[in-house]
Each structure stands twice: as C-alpha cells, then as structure tokens.
Amino acid sequence: MVSACAAVALTTTTSMPIMPRALRCRDLLLTVAVNAVSAPPATFFYGGQAVIEGVLMRGRDRYAVAARRPDGEIAVCTDVLRSRVYTANVWRRPFLRGVAGLYETIHLGMRALQWSALVQLGQDAEIGEGALRGAMIASLVFALALFIGAPLLLGGLLHHGASQSINAVLIEGVIRAAILVAYLLLIGLIPNVRRLFQYHGAEHMAINALESGDAIDVMHVRARSRLHPRCGTGFLVVVAFVSIVVFAPLGLLPTAIRLVCQIVLVPVVAAVSYEIIRALVRIRNTLPGRILLAPVLGTQLLSTRRPGDPQIEVAIAALDAARAGDTVVFEASGTR
C-alpha cells in the first residue's frame, strides 16, 4: 500500500547540518526501538502508538498520524486500510487476530514513523522505506535478543548451568519480566524518550475519553487516565507469563534448539496473550478483573508520562482523523 503521505525515496538533503540530522536519526531509532517492544496489538477498538512528536491512531477502516511541526503547527496524514489483514474477516477470528496485530504493529508503525520523521526534517528531506525497514528489523532483532536470548542465557547461569530443565524456563520468565521493567526504567531517563512517553500517555487519555463517552476536547481528555488495559506495555506483561507456560515443554531441549523454537513460537505467545488481554478487558470492572489487570496497568506507569496540552492536541487530531468518514487520502496542517 502506497499513500500520498508515505511514499518517499532513499535520499536525504545535503544542505541539512550534520548534527541536527544525526539527532533526528537517533530519535527515529529510539522510537522504533520503543515501539518494537511495546506497541499494542491490533483490535477493532481504536488504538495507536506514539511516534516522533506525534501519535498514530488506527480506526475501523483507516489510520491517521498527527505530528507537531517544529514551527508549532499540527500536520495530519491519513489513509485507508486496504490490506486483507485489515479487511478480511478471517483475521478477526480468535488467535488469528493476535497474529494480525503483529503485522499491523510493524506495517503501520513503520509508515507512521517514516512520515513523522519527515514532518520534523522538513519537506526537503526524504527517508527511504529501505532505511526505515532496516531500522525496524534491527530493533526487532534487538528485542528478540533482549527478551528471548538474554533470559535464556541468564536462566542457565542462575540454574547452575543446567539450562535443560523446566525450572530454567520458570527462571527465564522471571528474568524476562525483570528485563522489561529495567529496560523501561533506563530508557525513561532519556529526555526524548520521556517526551515520546508523553505522547503515549496522550494517546491513552484520548482513547479513554472516547470509550467513556466524553467529548473529545482538551478539557475532557486532560481529565482521563494515562493508563489503558489494551496498552502494548501491559500486553508484554501478559506475554512474560504466557511464555512461561508455552515455553515450559521446551525446557528439556538443548539451548540452541530451544532458542530457535522460542523465536518460532513468538506468534503463538502473542496470539494467546492477545486473547487473555481481551478477556481481562471484558471483566475490568469486576474485583477479579481489577486484581488481574493491576500489573498490566502498573507497568504503564513506566512507559507513559502525563502529557501537556500540546501533546493532547496532537492525540485528538489523530483520533479525529481516524474517526472521519471521508475516505479520501489527505495531508493537512494547521494550528489547534
């Protein structure tokens, strides 16, 4: 799918100062890395991701990205969802919809990041899909190494070198959860990531306002929580627990084979975790639901920050565009 707001070539302007360009590339890679390990699974509810100085929102039949330009204006890009992953009913069935969510996270996330980077760099700069695809692949490899490879190796060391056991798999699960918390704590110390987390919080607050039936304006969105049960960060908490169960039968296999099997089973873990999240959302207002959702919501305190009105305005712009009935691809800018 090629849209008017995302098709670009693999070139960059030579007139741009080297340092600002390097800083923007750093921001792009940081955003890709964060979304690679915390992007939310797709649902037919409104949801999204934080991008560079902006927010991606996914609607029923379209997606929209809003980002604040360096001059303070808000630019908005939207396009129709055409792929069969978004339109075919088969991908809405239990377990398959979780796999579709992985595809959506990569596909829409890459396009949104590409566009938001151009908003910051200016119209004279262009970023190719190949470069961004490479950054996304590198980030996914990093995520697999951090959340699968590292727990596997550390689990074997802590279990006195006996990595071929069920107990080692249990230790791996605990280590995986600890790494997630440590990772979010550490990257939250980076100023640009903290700002990204503000947009993440603004995205949650706008969706919470929508699902509560409030008016979608700054005053009502500002009053909403920055935590949401369908968040990808909380999703990873569920993944950590589900992986213990799914990977447990692999405990007696040699380490190298187990590593390959765990990577292959990532879609299975994601699919099961997705269905658990959906089930928890249905009982969110009951006592058991609140108890089970506590760690899911609590982890989001690490990946979100309370946004200011400027970030809320951007989230509202993205949500409004994702909800619009107009099916014409457009790009617009203006102040709010």
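A crossing of two helices is left-handed if the near helix is turned anticlockwise from the far one by less than a right angle, and right-handed if clockwise. We're working on a predicted model, where local features need pLDDT of at least 70, side-chain atom pairs count only at pLDDT 80 or more, and totals for chains, interfaces and linings use all residues. Residues are numbered from 1 along each chain as its sequence is written, and side-chain values use heavy atoms, with hydrogens and water left out.

**Exercise 1.** Work out how helix 6 and helix 12 pack.

*Solution.*
- Step 1: take helix 6 (residues 191-211) and helix 12 (residues 309-323); their axes sit 8 Å apart, at an angle of about 50°. Axes here are lines fitted to C-alpha atoms, for helices over the stretch in contact, with angles from 0 to 180 degrees between N-to-C directions.
- Step 2: helix 6 is therefore oblique to helix 12, given that under 35 degrees is roughly parallel, over 145 roughly antiparallel, 65 to 115 roughly perpendicular and the rest oblique.
- Step 3: the crossing of helix 6 past helix 12 is right-handed.

**Exercise 2.** Describe the setting of Thr 299.

*Solution.*
- Step 1: look in helix 11 (residues 287-303), where Thr 299 is found. Helices are DSSP runs (H or I, at least four residues), numbered from the N terminus.
- Step 2: Thr 299 has a relative accessible area of 11%, so it's buried (under 20%, with a 1.4 Å probe and protein chains only).
- Step 3: a polar atom of the Thr 299 side chain lies 2.7 Å from the backbone oxygen of Pro 295.
- Step 4: leaving aside residues up to four places away in sequence, Thr 299 touches Leu 180, Leu 184, Thr 233 and Val 237 (contact means heavy atoms within 4.5 Å).

Methods. Helix = DSSP H or I, 4+ residues; strand = E, 2+ residues; numbered from the N terminus. Buried < 20%, exposed > 50% of the residue type's maximum accessible area, 1.4 Å probe, protein only. Polar contact = N/O pair within 3.5 Å; in protein donor to acceptor, adjacent residues only side chain to side chain.
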